[in-house]
Amino acid sequence: MLILSGSRKALGIFVAAFLLSAVPRLDAGGVKYVAGVTSFDPNVAGKPITWANGNLVYFTDQGNAGPMLPQSAANTFVADAFAAWTSVPTAGLKAARGGALAEDVNGTNVTSTQSGISLPLDIQPTAAAKPLAIVYDNDGAVIDALMGAGASDPSMCATNSVMGGVDKFSTDAHFTHALIIINGRCAQNSSDLPSLRYHLVRLLGQVLGLGWSQANDNVRSGSPPANSQDFAGFPLMHPMEPFCFGAITDCIPNADQLRMDDRAAATRLYPVTALNISSFSGKQISAASTIRIRGSVYFSDVHGNSGQPMQGVNVVARLIDKSTGMPSRSSVATSVSGFLFHGNNGNHISGFGTTTQLYNAFGSADTGLEGFYDLGGLELPPGETTASYQITVEQVEPSYAGAATVGPYGSSQITPSGTAPVIILADLSAGADVLKDIVMSGNPKLTTDVSEPNSFATPSPVPSSGQWWGSLSGYGDEDFFTFSAKANRTFDFQVIALDETLSPTSGKAHPELGVWRPSDLTAPQLMADAFNRLTPGLTELAGDVSAAGKLKLGIADFRGDGRPDFLYRARLLYADTITPERLALSGGNVIIRGIGFRQGLSLDVGTTAASVIAIDENQLVATLPAMSGTQNVTITAPQTGAVTTMKNAVTFGLLSTDQVQIVSSGNPPVAVGTDAPNPVVVRAVAADSTPLAGVNVTFTVTPTQSLFPLCAKNVCNVVTDINGEASITLTVKAAGTNTVTATLPNGNSTTAAISGNASLRLAEAVQGAWVLAGSSTSSAVVVQLMNSGSPVSGQPINFTVTAGTGNLSVANAITNASGVATTQLTTSNTMTTVIERACPPVGAACVDFVLQPVTPSNIKIKKISGDDQLLLVGQTPQPILLRVTDSSTPANPVGNVPATISGVVYRAAGPPDCSPSDGVCRPLTQVAVSRFSQTILSNLSNGTVSYQPAIQNSWGAVRVAVIVTAGEASQQFAMQVVAPQP
């Protein structure tokens, strides 16, 4: 005996597989098993698995099979059941008893414990010398041991009277072992035997390799009510029994007798040929005695011709009654298209099977067999030499899946697309072999999949609209898309399966969804099973992004199938950025950009609802309420239930980690009573050095007699610009160290020192200027003579050019009552440094004014304000303010630079057009309503350029795109005017 270890749970799984067809099934509408591309010799892929030479030798138990079937009677009972199949005149089948098993198989030698199950060796799959073992479970102990206590109860004889199936096959597509267990508790009275025989004959059909088939299914459904002819054509190998109050044999007349559909299936599996007829005395050569109709079912292409083969359609042949001209309900046979083709190829999302068994182990991978059907074995009426047949197609009943599978689709059936003509093939003689293809008229509406070609290795970009139509066509097609995501974001990916009318369905593709990083080569990091939501046809995958980078989204049918009617509509909702990321405690307006934004979205900050002002493609404008700290921002689509969250995306007020830093503050000793020539510039930054715009910086100075000209006090507030910078100039009123302190609202501060000099000293308003190389300039050179903080008047100042070329308006000037003397320095085509020197009387040092040319390649443009403006219709925009600088650090302002400001005002011409005719969701059409261009020279003293955009109220909601060029540098500015949501 062989001891199989494992837990009780594992035991049950093993036994269920062992007894109920231990090998994976490919029920194929008349054929139960078809050799696949793995586990078999490649040369037999697509071949039905049968007993070699149609010869089956079985061995029976030494015990009894219940009170009505002692051992001898049981043997006769089994032989009679085999005769139902072996007596088919056109089927090359033989079954013979080879003898007895080595024991009486019973509860003493079939036992189960927590550690394992024990079985006699000669009923194991390895018992090649006894290819079919038939166990007589006299008291039900064997079934109870294998399946659990009570499994053999007579009340369940409709399902447990006979159990078992094939459990081993060879690589050349032949069965090598099977096991059948007959429940003796279902043979208590003579009235039990007809039902028991019915179940045994059906199981023998499966052991021979026949699968379930669908014909006259109204016998099961009751719609329309069945008549005697319907019952006469209802195949023995039907997948589900009609509802019956008593034994099945009381509800189906001659329930255990083969019908034409069963005989034709046996004939196709085991044909009698000229080569083997000598082994089957009294039989007829199948091809010569019957009619064969075969071909493929196809989708129609755009021209109405045959397109991709259509798998999973039940093709029905009915004999035409010569007396009435009507198709028969009793003489009927069926074949499911693609019955030799595999029904599950696997996919990149849920995988391609296990390490020991791939999904494509059964069924051919040859797409030429994808829609193939075979109605061989059709019979002629007795005494007739010709017969006419009607060929129709029908859907396989959706509930015929799992253990009741009909056709190659084992897990779920697919609703056929289009309609097929009723085909009449008249006056066919015995031996006729007719090739008849069937083209289903009517096409799926989506004729183009614009995302193709794409693949797992080369995904397509997610459309900018965030929604699109697509298809999984042809066979094995999978669609992959990619988009970039930031860390601490979530996304919601939804796919709705559609039928050929673009209506949601669960009868076509079963979309599974996956998400990968580009470097992932195998299983996805996240996946979603098909139809995991209650909405019809909907599959949803919600993802959480932990690290920034590209993500790859995948869509595949869970079977790995692909057909022209596997249509879908996909939607991705993803919020990417929020501008600004920092707001005052009082809240304010923000722009959120992302993918898949549509009207009707709602917005929450933390747990508080925000007011959505406007939504257009990939952008949402909202007013956030007063809050504090760092908050999540969540966008919800109530219509679809999709949700996307930006975690810790917006901060109200400052954080304790925010800092203020000195950018520049360098100054020479400053004469008391004059302004420091260089301002103190600071920058507010977050902990990661991100500049913080719109932050209030408080500047203070000590000693307190010094002051800031901006507000004529020793305390002054300045708001940081786009770059997080704030600057201020100091009027020095005290000798010695003047300390300027910049403080943020969170208390963080920094200081800069400026030295005051009270001695006789010549001071200048600015120490120099930077201008565009080659330009002509006229610069005022202003100096002030101070002594102990008081102006010195009436003193001569001598101005000279000591380097470069330039002209002075006056060479000598006398200081006025304010101690000021001025001259004008004029240059032409300035290509080298020009130095102008001012010298006072003896007792004070001379000072230099330096004019420095800057080449176009060293010109930079720095935004100050006016970018990313958000306006409601009717509001006046702020000026666009920028500074032209050189490339040094810290940068110096450059004057006299021509800055060209060009722009286009766009207005949306209509909403996004998502057309199912070609599957494309197009972005908003933009129409230019105005264009403008103006050139402004940068200010000589500070390099600034200011431009006031003109927005007309009549334009309504528009976008303004501005580009500023100076030298070889450029910067883009944008502003947006939105109309509030209705």
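**Close-ups of a predicted model**

View 1. The structure holds 1 cavity of 30 Å³ or more. Its volume comes to about 30 Å³ for the largest cavity. Lining that space are L872, V873, G874 and Q875, together with I951, Q952, N953, G956 and V977. Sort the lining residues by type and you get 4 nonpolar, 5 polar and no charged.

**View 2. An open sheet of 5 strands.** Reading across, the order is β18-β20-β25-β22-β23, and the pairing is mixed. β18 (460-461) and β23 (526-528) sit at the edges, each pairing on one side only. β18 runs parallel to β20 (residues 479-485), with 2 bridges joining them. Look for P461 opposite T482 in β20.

**View 3. The disulfide between C157 and C186.** The whole structure has 4 disulfides, and here the S to S distance is 2.0 Å. This pair ties together distant parts of the chain, 29 residues apart: C157 belongs to helix α4 (residues 157-160), while C186 is in the loop between β8 (175-183) and α5 (193-208). The torsion about the S-S bond is about -95°, so this disulfide is left-handed. Both C157 and C186 are buried.

**View 4. The disulfide between C244 and C251.** S to S is 1.7 Å here, and the link is right-handed, with 80° about the S-S bond. C244 is buried at 19% relative accessible area, whereas C251 is partly exposed at 27%.

**View 5. The disulfide between C839 and C846.** The sulfurs of this pair are 2.1 Å apart. With 115° about the S-S bond, the link is right-handed. C839 is buried, its relative accessible area being 19%; C846, at 38%, is partly exposed.

Definitions and conventions
Residues are numbered from 1 along each chain as its sequence is written. This is a predicted model: local features need pLDDT of at least 70, side-chain atom pairs count only at pLDDT 80 or more; totals for chains, interfaces and linings use all residues. Side-chain values use heavy atoms; hydrogens and water are left out. On a 1 Å grid over the protein atoms alone, a cavity is a set of points where a 1.4 Å probe fits but cannot get out, and a pocket is an open set with protein on both sides within 12 Å along at least five of seven lines; lining residues have an atom within 4 Å of a point. Grid points are joined across faces, edges and corners, and a volume is the space filled by probe spheres set on the points. Ala, Val, Leu, Ile, Met, Phe, Trp, Tyr, Cys and Pro count as nonpolar, Asp, Glu, Lys and Arg as charged, and the others, Gly among them, as polar. Two strands pair if DSSP finds at least two bridges between them. Helices (H or I, at least four residues) and strands (E, at least two) are DSSP runs, numbered from the N terminus. A disulfide is a pair of cysteine sulfur atoms within 2.5 Å. Buried means under 20% relative accessible area, exposed over 50%, partly exposed in between (1.4 Å probe, protein chains only).
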